[in-house]
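The following note sets out points on the strand pairing, helix packing and nonpolar cores of the model under review. It is arranged as numbered points for a colleague's reading.

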Amino acid sequence: MINFIDGKMLYILYGERSYFKYNRLYVDTLLGKFGEGKFDQEPLTHEILKFSYEWAADTFLELMHSQKDVRFLYYLFKVHEDSIKLYYHSQTDPVALENKDVHISTLSVNRRILKLALEQACDIDYVGRIDPDPSVMPGFLMRMEDLLFVGERLFAFAEYMAEQRMMEDPMEIIIEKNAYTIQRKYHYDAIYGNMEKLFQEGFSSGLVDKDSVKELREELQKCMGINYDFAGGQIKEIKKYFSPAAPDMQTVQYEALLINLQHNGVSVENSENFYAGLALWRANKLPIQKSVYLSHSLKRYFFRPILIVNINGEERALVGDEKWQESILVMATNGFQWQHAPEEWKRNEAFKKYLDRKSEEHDKILEDKVKEILTARGIPFIHHVVQLSPLKGPAIRVDKEPGEIDFIIVDPNCKKILITDCKYHRARYEMVGFSTDFKNFRDEYEPKIIKKVKFIKDHLPLLQEHFEREAEIGFDLTVFDVDALFIVNTPTFYILNGTIKTVTITHLGELIDNCYAIPDVTANFEDGSKKSIKHPYYTIQ
């Protein structure tokens, strides 16, 4: 089904035809492999989901590779460009867009699917010309609808597998003769809304680097001698020159971009590295399954707006005006702070130093906000703890063993000592990304902070003397409870199901007011019953 939004933007949804066709194919495939039944035990549920994920990926590739008409590529490209415009509309006037039957959650999934499809286009040898022919459009639309349905299943299976990595025994799968059901067990669905609310609040109020794109322009000029406006603007000008009537669909010669940049005073090395860091082609794109799973890899169309495609035997660069801006914005606001930039750009030593500086600055943003909240409440703390000093005698270093502590907070109102580490991490928007964070917390951060807590518990008299010396406290720390705390800049699933208490900076004040206790949540079931759920919430209770 195709909609024309405001008379010019294409918005496509799949309908019953795609659903019944591919749902039947999938169910038959499941029956052939696993048979009918109810499956609710790992690792079998994981095996079924992995099998389903691979089926969806293979089917998606078959759909892409069976259409080599270049007009379909341009059709796909156009729909994706319009999806970015619709996304911007959703940020300024979501209600108006909803009234036009463009639902934000569906648009978000569709944008991911369209990006994945265009990545696969790098592997296809397209043929033909852009000749208007209305007779091909119904077939193109059906192909697009099929891609959207199969792609939706692909991402859904990936999300289910990610949940399995973060929740305790979460999935139940029912395979029947004509249908299948994948559902969460226990109380998990009944509290899912709490999770979505937390994430939406955090995304709207998290710490954001608002001047990052302006700063990037300056750094490209200083580090590589590149005028950002020329580097991006020349693509638009070339497209207009060769196709004034329809510049959006005009491809460009990739080598011409490098040569023109060099004529603008940029070295050969810097011009090659700049554009190579923004280009995606057969040699550097990820296989489809990895692209879905490695959702924050820089070797994806999300970050690389220059798509190198083969058209009639020639390598051409397909670059969307909207995609260029999106990729630059995403890297600048959700990449550089973690030294996440194209490897090609990191070959420039000056730019590497900029990334180092950027990382240090953004750790400080979060820590400064923590200090502001604690100071406003009059709660004693020490910051960047590398040693503890007794009233007499030499200091005891802690920076190497058990490791530097970002904050030691002592709250006399709650009789708590909080061994606190701050984690300024990248914004995530899907379970696959959250599972990466979850693994980092579980396997790397948890063991470190547990060692720090043990050290402080074993050295409470030393901590007492240090605080008497540094903060002039007048209470006895040796009777306080010692606990661990992570403070993060933006929501992540570990907050809900991690072993260590974790809070976003926007909710730190509430946690303090609650004496650092994580509240229970209420699970409301369909039959009207209720149950109080303790943290970690996604565990069997």
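In which sense do strand E3 (residues 37–39) and E5 pair, and over how many bridges? The points below begin with this pairing; the model is a predicted one.

1. Strand E3 (residues 37–39) pairs with E5 in the antiparallel sense, over 3 bridges. Within this pairing, Phe 39 has Ile 173 of E5 as its bridge partner.

2. E5 also pairs with strand E6 (residues 180–184), again in the antiparallel sense, and here there are 5 bridges. Ile 175 is bridged to Tyr 180 in E6. The two strands E5 and E6 make a hairpin, with 4 residues between them.

3. Together these strands form an open sheet of 3 strands in the order E3-E5-E6, with antiparallel pairing. E3 and E6 are the edge strands, each pairing on one side only. On average, neighbouring strands of this sheet are turned by 15 degrees against each other, direction ignored. Helix H1 (residues 16–34) packs on the sheet and touches E3, E5 and E6. The direction of H1 makes about 80 degrees with that of E6.

4. A further helix, H6, lies across E5 and E6 and runs at about 40 degrees to E6. As for strand E5 (residues 171–175), 4 of its 5 residues are buried, so this strand is largely enclosed by the rest of the structure. Buried here stands for under 20% relative accessible area.

5. The bridge partner of Cys 422 in E15 is Ile 487. E15 pairs as well with strand E16 (residues 501–504), also in the parallel sense, over 4 bridges. In that pairing Phe 486 is bridged to Thr 502 of E16.

6. Is strand E15 (residues 481–488) largely enclosed or largely open? In E15, 6 of the 8 residues are buried, so the strand is largely enclosed by the rest of the structure.

7. Helix H3 (residues 70–92) and helix H5 (residues 104–120) have axes that come within 10 Å and cross at roughly 145 degrees. The crossing of H3 and H5 is left-handed. From H3, the residues in contact include Leu 73, Phe 77, His 80, Ile 84 and Tyr 87, while those from H5 include Ile 104, Leu 107, Arg 111, Leu 114 and Leu 118. By class, this contact of H3 with H5 comprises 12 nonpolar, 3 polar and 2 charged residues.

8. The largest nonpolar core has 111 residues, of which Met 64, Ile 408, Ile 417, Ile 456, Phe 493 and Tyr 538 touch the most other members. Helix H6 (residues 137–166) gives the most to this core, with 16 residues. A second, separate core of 37 residues includes Tyr 228, Tyr 254, Tyr 275 and Tyr 354.

9. Which residues does Phe 493 touch, not counting residues up to four places away in sequence? Phe 493 is in contact with Met 166, Met 167, Met 195, Phe 199, Met 431, Phe 434, Phe 438 and Tyr 538. Both Phe 493 and Tyr 538 are among the residues that touch the most other members of the largest core.

How values were computed: Residues numbered from 1 in each chain as written. Predicted model: local features only at pLDDT ≥ 70, side-chain atom pairs only at ≥ 80, totals over all residues. Heavy atoms only, no water. Buried < 20%, exposed > 50% of the residue type's maximum accessible area, 1.4 Å probe, protein only. Pairing = 2+ DSSP bridges. Axes fitted to C-alpha atoms, helices over the stretch in contact; angles between N-to-C directions. Left-handed = near helix turned anticlockwise from the far one by under 90°. Contact = heavy atoms within 4.5 Å. Nonpolar A, V, L, I, M, F, W, Y, C, P; charged D, E, K, R; others polar. Core = buried A, V, L, I, M, F, W, Y, C linked by side-chain atoms within 4.5 Å.
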